Amino acid sequence: MEKQTMEQQMSFAAKVAVIGFFGGLIWSLVGYFAFYFKFIRVGPALALMPFVLGEWKDTYIGQLVGIGLISVLSIGIAFLYKLLLQKVNSMWAGVVYGLVLWVSVFFLLNPIFPGLKSVQNLDFNTIITSVCLYVLYGTFIGYSISFQYAEERQK
């Protein structure tokens, strides 16, 4: 009863924001663990590179602040998915969305990230791990938003 009342009080936009925040939090934490265990050469602090000066961003504090920044930026990414693809009720839309995000960060936005090598100069583990993380992130965002959209339409 209490859960049902809380769900009715949250608007669809609020649910999208929550999905975006937690999607960014969960998958950037997974990215941090991949960075910590050397599966990938760039951690969540990469998000700070264009905006923050100092060596502290290379420490674990910088990684944690990067996780927070990614979580907040992820809200906007979730709203972009809502705007473009919310009606597509397929896991594949999220997979493609994750791949598009990866291409955007590693190819299009690469010049604004001073700590990020070009894709040609990245090692194979970093490429594969980062692609997998972005695909999982896109799938999480996409499927969650499409599911919520379908739930809202049923009501």
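**Entry 1: the model**

I am working from a predicted model, and I keep that in mind for every value below.

**Entry 2: the largest pocket**

I began with empty space, since rolling a probe the size of a water molecule over the atoms shows where such space is left. The largest pocket holds about 740 Å³. I noted 29 lining residues, and those closest to the centre of the pocket are Ala 47, Ile 70, Ile 77, Val 105 and Tyr 134. Two or more lining residues come from each of helix 2 (12–36), helix 3 (60–85), helix 4 (91–108) and helix 5 (124–154). Which helix gives the largest share of the lining? I find that helix 2 does, with 6 residues. Sorting the lining by class, I get 21 nonpolar and 8 polar residues, with no charged residue in the list.

I then looked at Val 105, one of the residues closest to the centre of this pocket, and placed this residue in helix 4. Is Val 105 buried or exposed? I record Val 105 as buried, because its relative accessible area is 14%, and the cut-off for that class is under 20%. I also checked a distance from this residue: the C-alpha atoms of Val 105 and Gly 24 are separated by 15 Å, while the two residues stand 81 residues apart along the chain.

**Entry 3: a nonpolar patch on the surface**

Turning to the surface, I found a nonpolar patch formed by Val 18, Phe 21, Phe 22, Ile 26, Val 30 and Val 72, which together have about 450 Å² of accessible area. Helix 2 gives the most to this patch, with 5 residues, and helix 2 also gives the largest share of the pocket lining. I looked up Val 18 as one member of the patch; Val 18 is found in helix 2, and I class it as partly exposed because its relative accessibility is 37%, which lies between the cut-offs of 20% and 50%.

**Entry 4: a positive phi**

Most residues other than glycine have a negative phi. With that in mind I noted Lys 38, which is not a glycine and yet has a positive phi of about 65°. Lys 38 sits in the loop between helix 2 and helix 3, and with a relative accessible area of 68% it is exposed.

**Entry 5: salt bridges**

Side chains of opposite charge can pair when their charged atoms come close. How many salt bridges does a search of the whole structure find? My search gave 2.

In one of them, the side chains of Glu 152 and Lys 15 meet at 3.1 Å, taken from N to O. This pair links distant parts of the chain, with Glu 152 in helix 5 and Lys 15 in helix 2, 137 residues apart.

How values were computed:
Residues are numbered from 1 along each chain as its sequence is written. This is a predicted model: local features need pLDDT of at least 70, side-chain atom pairs count only at pLDDT 80 or more; totals for chains, interfaces and linings use all residues. Side-chain values use heavy atoms; hydrogens and water are left out. On a 1 Å grid over the protein atoms alone, a cavity is a set of points where a 1.4 Å probe fits but cannot get out, and a pocket is an open set with protein on both sides within 12 Å along at least five of seven lines; lining residues have an atom within 4 Å of a point. Grid points are joined across faces, edges and corners, and a volume is the space filled by probe spheres set on the points. Helices (H or I, at least four residues) and strands (E, at least two) are DSSP runs, numbered from the N terminus. Ala, Val, Leu, Ile, Met, Phe, Trp, Tyr, Cys and Pro count as nonpolar, Asp, Glu, Lys and Arg as charged, and the others, Gly among them, as polar. Patches are made of residues with over 30% relative accessible area and no salt bridge: like charges are joined within 9 Å, nonpolar side chains (Val, Leu, Ile, Met, Phe, Trp, Tyr) within 5 Å. Accessible areas come from the Shrake-Rupley method with a 1.4 Å probe; for residues, only the protein chains shown count as cover. A salt bridge is a side-chain nitrogen of Lys or Arg within 4 Å of a carboxyl oxygen of Asp or Glu. Buried means under 20% relative accessible area, exposed over 50%, partly exposed in between (1.4 Å probe, protein chains only).
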